[in-house]
Amino acid sequence: APRPTWSTGATSSAVISAVSSPTMLVDTLTRCISPISPSRCFKSPEKQRAPSQQRKQMPKLLLVAFEGFELLDAFGPLELLLLAGYSVTIAAPTNGVVRGGVVGSEACKSEAAKLAVRSCVPVVASHSLVEALSQKWDLLLVPGGQGTRALVGDEPFLATLALLCDASAAVASVCTGSALLAAAGVLDGRKATTNKRGWAWVTESSKRAATVEWTPRARWVADRTGGKLCATSSGVAAGLDMAVWLASDLLGAGVGEAAAKRAEYVPSTDPADDPFAALVK
């Protein structure tokens, strides 16, 4: 039997171009993974036009990346929200490469550690945070990670983050990302939660953190003070559970659960079911 071969048409050219351009690669993956039709990435250009027009109506998610962000905080929720129907843009203090780390890693603080791919992974941000201010966003996602320790006192960063939150219909954070939202004044007077192992640091990380009603027993917390949703999750993997809930809350009943099923993930559906609350002293 003849061996199967790859098409040499427009799709192959698009994939080759995407590999050479990180921004095009994110766009290509978004189209491939979105729920409209995964197979459309391999159709002829004529058949791609209609789905491409539909994609323009997809809700827009902005991921705020920075040096030392936690990888799972960002890309766990990101995958589920892509499956749910969001288009995704990654922004950082400056566009270009930022490095993400793993739980408890100091990986992005030394030159030697930057060579450890396992714990310090380069990610390309297509926009700077200031550039991202030129658009409106349906959802803003702020991950945690070791990098939050430096940014919690970075006034220019916090001022830009506050403006981005104002430009977003809904805001969410994972893990110690809530420390950044608190320091930026986004959580003033709101209920929120955070990583239970980092509880003491987050809740005392800035003067404005004292204005937050911190909830120790919560997988995630959803606060709609003033009519605007601000959701915060507990540590790392808890962001997956929050993402499932967010998708169903913002896009329609069952949307998040359908995305989780496609990812073969079984989410926790009770925000009060928090086995790590005992870590809070």
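In which helix is Phe157 found? The answer is helix 7, and point 5 returns to this residue.

1. Basis of the model. This is a predicted model, in which local features need pLDDT of at least 70 and side-chain atom pairs count only at pLDDT 80 or more, while totals for chains, interfaces and linings use all residues. Residues are numbered from 1 along each chain as its sequence is written, and side-chain values use heavy atoms, with hydrogens and water left out.

2. Overall composition. The protein contains 11 helices and 12 strands; these are DSSP runs numbered from the N terminus, with helices being H or I of at least four residues and strands being E of at least two. Of its 281 residues, 49% count as buried. Buried denotes under 20% relative accessible area, exposed over 50%, and partly exposed in between, with a 1.4 Å probe and protein chains only. Among contacts between residues at least 6 apart in sequence, 71% join residues at least 24 apart, contact meaning heavy atoms within 4.5 Å.

3. The largest nonpolar core. A nonpolar core is a set of buried Ala, Val, Leu, Ile, Met, Phe, Trp, Tyr and Cys residues joined through side-chain atoms within 4.5 Å. The largest one holds 70 residues, and those touching the most other members are Leu61, Leu140, Leu161, Leu181 and Trp214. Helix 4 (residues 71–84) gives the most to this core, contributing eight residues. Leu140, with neighbours within four places in sequence left aside, is in contact with Leu62, Val64, Leu161, Leu164, Cys165, Ser168, Ala170, Val171 and Ala172.

4. Packing around helix 4. Two packed helices are described by the angle between their axes and the distance between the axes. Here axes are lines fitted to C-alpha atoms, for helices over the stretch in contact, and angles run from 0 to 180 degrees between N-to-C directions. The axes of helix 4 and helix 10 (residues 238–251) come within 8 Å and cross at roughly 25 degrees, so the two helices are roughly parallel. Angles under 35 degrees count as roughly parallel, over 145 as roughly antiparallel, 65 to 115 as roughly perpendicular and the rest as oblique. Helix 4 passes helix 10 in a right-handed crossing; a crossing is right-handed if the near helix is turned clockwise from the far one by less than a right angle, and left-handed if anticlockwise. On the helix 4 side, Gly76, Pro77, Leu80, Leu81 and Ala84 meet Gly239, Leu240, Ala243, Val244, Ala247 and Leu251 of helix 10. With helix 11 (residues 255–262), the axis of helix 4 comes within 8 Å and crosses at roughly 115 degrees; this pair is therefore roughly perpendicular. Leu80, Leu83 and Ala84 of helix 4 make that contact with Val255, Ala259, Ala260 and Arg262 of helix 11. The crossing of helix 4 and helix 11 is right-handed.

5. Phe157 counts as buried because its relative accessibility is 5%. Not counting residues up to four places away in sequence, Phe157 touches Val64, Pro93, Leu129, Leu151 and Leu180. Phe157 and Ala184 lie 27 residues apart in sequence and 8.7 Å apart in space, C-alpha to C-alpha. Thr160 is also found in helix 7 (residues 155–166), and at 14% relative accessibility Thr160 counts as buried. With residues up to four places away in sequence excluded, Thr160 touches Leu129, Val130 and Leu133.

6. Thr232. This residue has its place in strand 12 (residues 229–233) and is buried, with 0% relative accessibility. Beyond four places in sequence, Thr232 is in contact with Ser173, Ser178, Leu187, Ala192, Thr193, Trp220, Val221 and Met242. Thr232 and Val221 are 11 residues apart in sequence and 5.4 Å apart in space, C-alpha to C-alpha.

7. Most residues other than glycine have a negative phi. Cys175 has a positive phi, near 60 degrees; Cys175 sits in the loop between strand 8 (170–173) and helix 8 (177–183) and is buried, at 5% relative accessible area. Glu264, not a glycine, has a positive phi of about 55 degrees. Glu264 is found in the segment after helix 11 and is exposed, with a relative accessible area of 76%.
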